[in-house]
Amino acid sequence: MVLSHPFVLLGIALVAIPVILHLLMRAKPKKLLFPALRLIQNRKRTNTRRMRLRHLGLLLLRMLAISLLALALARPALPAADYALNRGDWLRLLFVAGTCAGIYFGLTSLWKRRQTPHHEFTYRRSMLRGGVALGALLGLLLLVAWPYQRRIAAAITQPTVTSDETLPVAAVMLFDTSLSMGYRLENKTRLEAAQDIAIKQIGNMPRLSRVALCETAGDAPIRFSSDLGGVSKRIAAITPQLLNRPLDDRLLAALEGHGGDRDQNRSGESTAAPDDEHEGLLREVYIFTDLASSAWRKDNLPRLRETLNQMPNVGVYLIDVGVLKPSNIAITELELSDQTLPVGSPLELRVTVSAVGVEPGDRVVELWVDSGTEKLVKLDQSSVKIDPDTAVTVTFSRQVPAGPVVQGEVRLVSSDPLSFDDVRYFSVLVQPPSEVLIVCDQPSDAVYLLNVLAPEELATQGESRHKCRVINTALLPRSDLSKYAVVCLVDVADPQAAGWQALEKFASGGGGVAIYLGENVRHEKYLTPEALAVFPGKLKGKVPFDDQVFLDLQNVSHPILKKFADWGGGLSDVEINRCWSVDPELVAGAIVSYTDRKHLPALLERSLGRGRVIALTTAIDRRGSWNDLPLYWGFAPLSYETMRYLSRTSQSQFNYTAGEDILLPINGVQPFPAYRLRKPGLQQLNEDVPAGTANLVVKGIDQLGNYRLTAIESDVKFERGFSVNPVMDESRIDRLSKDDFDARFGAERYSIARDLESLQRNVKTGRLGREAFPLVVLILLVVFVGENFVANRFYDNEQAP
């Protein structure tokens with residue numbers, strides 16, 4: 001126990017006053033003439049014993065009242081612990097009270113029924129009261145006070161530093177710098193509110209105190225500084241950051257920083273190292289956060305709780321600067337139809353808008369695109385009805401500029417308190433149509449494939465997605481395949497050994513090969529060593545299906561089939577009549593199977609060097625009644641996605657979430673030794689490119705927005721752009737509860753404050769212990785009431801029988 005005013009305890013000496021008054025003013029015996037001397041003598045002995053008990057009780061109550069008054073004025077404080085009675089304490093307390101009450105009222109009722117003489121009844125009742133009081137006291141001590149004392153002693157695992165508000169403090173100020181701390185309330189962000197509280201708290205610290213600044217952005221070491229003014233200036237300069245580590249990890253680093261500082265202090269002592277509780281300073285950690293769950297680990301960190309238990313002398317104070325009922329409207333998702341587009345093709349964007357804590361109403365979503373002059377121009381807008389319970393989707397479809405890099409923004413016209421999620425950024429790469437070589441025995445074999453890859457009406461207008469050329473099989477060995485992105489074999493009877501070798505060289509160098517089997521394929525020509533080096537499997541023969549058989553789209557996560565998962569059909573309702581069977585032992589991977597008993601593979605894949613080979617085991621020309629696949633609408637997207645997958649344009653990523661690694665492929669580009677990165681804030685960063693790099697790893701990403709990367713050498717035409725958007729979880733602002741922190745830290749290992757006043761109360765409780773003044777005053781009130789009651793009854797005459 002710690003006393004704020006220990007000199008006031010000298011007032012306990014005033015307990016001598018009631019003793020003196022009691023001795024001077026005690027009642028003196030009165031002389032009465034009465035003949036029945038024997039009766040008087042018996043009654044005298046009885047009254048004397050009863051009066052002595054009353055005298056002693058009243059004297060003790062008066063002495064206790066003066067002692068409690070002096071103790072209350074001394075403002076005692078107890079070590080921080082949970083002093084409330086738990087359920088077991090209350091049950092034992094009620095048991096003792098009920099037992100004593102039952103004994104007292106039971107015996108007095110029994111004596112009344114037996115018509116005990118009045119003077120005897122009075123004597124027995126007085127003795128019973130003393131006995132019941134003594135029994136209640138013993139019961140409370142054994143059944144309530146003893147378990148209660150053991151529980152509180154367990155909570156106070158070891159004595160803390162000798163408590164004194166003038167002791168210096170070693171404190172770590174830990175700030176949550178996630179984007180949600182930019183929430184604005186009363187024209188002040190949550191981070192600014194935290195900064196104000198922290199600076200004022202530092203100003204109230206005792207002299208010789210030291211403070212270390214810790215942020216969730218980065219892994220800077222914990223370093224204590226005695227320059228409190230300098231630390232306050234650094235705190236005022238903190239801003240929300242894009243990338244942050246979980247608060248659990250940084251709190252653990254703060255605790256380890258305290259441990260390292262304590263060890264350093266010990267090593268500097270010339271004498272024996274002091275114990276933790278006698279170090280001569282107070283250690284504290286202040287965590288300034290809005291309690292958003294996105295700033296903490298999803299799973300608790302066991303090592304953090306272990307460290308907190310090992311360092312009980314370090315006080316942990318949570319400062320909740322968040323909003324209890326936040327409101328926010330956010331663009332939580334932006335999906336692009338493609339990240340690589342041919343010139344002249346439209347770009348489709350699907351935007352998801354979510355809201356929380358707002359009234360339903362209309363909002364406007366705008367589409368802004370870079371016009372090629374590095375200046376954004378609004379191309380479109382759409383009005384949406386906001387519903388707090390349901391996410392709303394907005395779709396834009398616009399033709400983009402020529403490029404090669406097209407960047408833009410989707411903006412939510414809103415005035416909600418959180419602004420960072422009111423805009424989403426996007427980047428696409430616009431390139432000329434990819435060149436596809438179609439090899440067939442007869443031009444009619446490739447009619448359906450040619451019509452979906454390069455429709456005549458689009459090809460004449462220069463808006464086709466692919467630039468296709470059709471040649472005869474005999475020209476394959478002599479053709480230069482290096483200028484093509486994909487080579488397609490459509491129902492080729494015999495590609496010839498030289499043709500297979502050309503295809504192997506082309507695929508190994510990074511090209512894509514698509515093989516469509518059919519009626520004209522000669523079985524033995526696909527079993528040669530040259531063919532087996534390219535074809536993804538070993539052909540066994542033609543298989544007719546007697547029952548109805550369809551395509552089984554189970555692996556919809558594959559890039560070729562991913563869009564079919566969103567559409568919910570397009571291929572699975574196509575009836576297949578015939579196919580080529582493939583030896584399953586040599587199959588590299590089946591993307592699609594048939595629904596027959598054996599689940600024969602329909603679409604196969606094989607990696608070959610840096611390239612890929614895809615094979616379809618059924619025909620696409622409708623000859624021989626193999627199927628009606630070319631007539632279904634799903635054939636066009638299947639062919640298109642296959643070309644994109646083989647040319648690797650489907651895997652080019654230019655839109656990232658904060659924290660993801662930025663990888664830009666530079667295959668097929670003239671090598672360049674260095675590049676210049678332009679950030680959203682117009683800062684520029686120059687970096688070298690290691691020789692032989694196939695994927696460029698971009699560093700220095702610290703802002704939301706659109707980035708642009710160019711080769712520094714003027715003779716190298718290389719330009720790429722990418723966008724960085726916030727993590728979707730930061731827009732939800734789901735707050736952690738007290739139960740969550742109890743599980744992370746321990747119920748008695750921290751305190752939460754909402755403002756500077758409550759923080760200072762918590763800190764005082766942590767440093768000096770829990771204020772016992774209200775409890776002492778309550779006991780004092782009970783004692784005064786008891787003393788008044790006993791004093792009023794002290795000289796009451798006994799009632800006549």
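**View 1. Aspartate 219 and its salt-bridge partner in the predicted model.** At 54% relative accessibility, aspartate 219 is exposed, in a structure that is a predicted model. Its side chain meets that of arginine 245 in a salt bridge, with N and O 2.8 Å apart. Because arginine 245 lies in the loop between α6 (228-236) and α7, and aspartate 219 in the loop between β6 (210-215) and α6, the pair ties together parts 26 residues apart in sequence. Arginine 245 is partly exposed, its relative accessible area being 35%. A network of salt bridges links Asp219, Arg245, Asp249 and Arg297.

**View 2. Packing of helices α7 and α8.** Helix α7 (residues 247-267) packs against helix α8 (residues 302-310) at an angle of about 30°, and the axes are 10 Å apart. The two helices are therefore roughly parallel. The contact involves Asp248, Leu251, Leu252, Leu255 and Glu256 of α7, together with Arg303, Leu304, Thr307 and Leu308 of α8. The crossing of α7 past α8 is left-handed.

**View 3. The salt bridge between arginine 644 and aspartate 338.** The closest N and O atoms of this pair are 2.5 Å apart. Arginine 644 belongs to helix α14 (residues 635-647) and aspartate 338 to the loop between β9 and β10 (340-342), so the bridge ties together parts 306 residues apart in sequence. Arginine 644 is buried, at 7% relative accessible area, and aspartate 338 is buried at 6%.

**View 4. Glutamate 730, buried without a salt bridge.** Glutamate 730 is located in the loop between β32 (719-725) and α15 (738-745). This buried residue has no salt bridge, and arginine 424, the nearest side chain of opposite charge, is 10.0 Å away. Beyond neighbours within four places in sequence, the contacts of glutamate 730 include Ser178, Leu418 and Phe420.

Terms used: Residues numbered from 1 in each chain as written. Predicted model: local features only at pLDDT ≥ 70, side-chain atom pairs only at ≥ 80, totals over all residues. Heavy atoms only, no water. Helix = DSSP H or I, 4+ residues; strand = E, 2+ residues; numbered from the N terminus. Buried < 20%, exposed > 50% of the residue type's maximum accessible area, 1.4 Å probe, protein only. Lys, Arg positive; Asp, Glu negative; His and termini not counted. Salt bridge = Lys/Arg side-chain N within 4 Å of Asp/Glu carboxyl O. Contact = heavy atoms within 4.5 Å. Axes fitted to C-alpha atoms, helices over the stretch in contact; angles between N-to-C directions. Parallel < 35°, antiparallel > 145°, perpendicular 65-115°, else oblique. Left-handed = near helix turned anticlockwise from the far one by under 90°.
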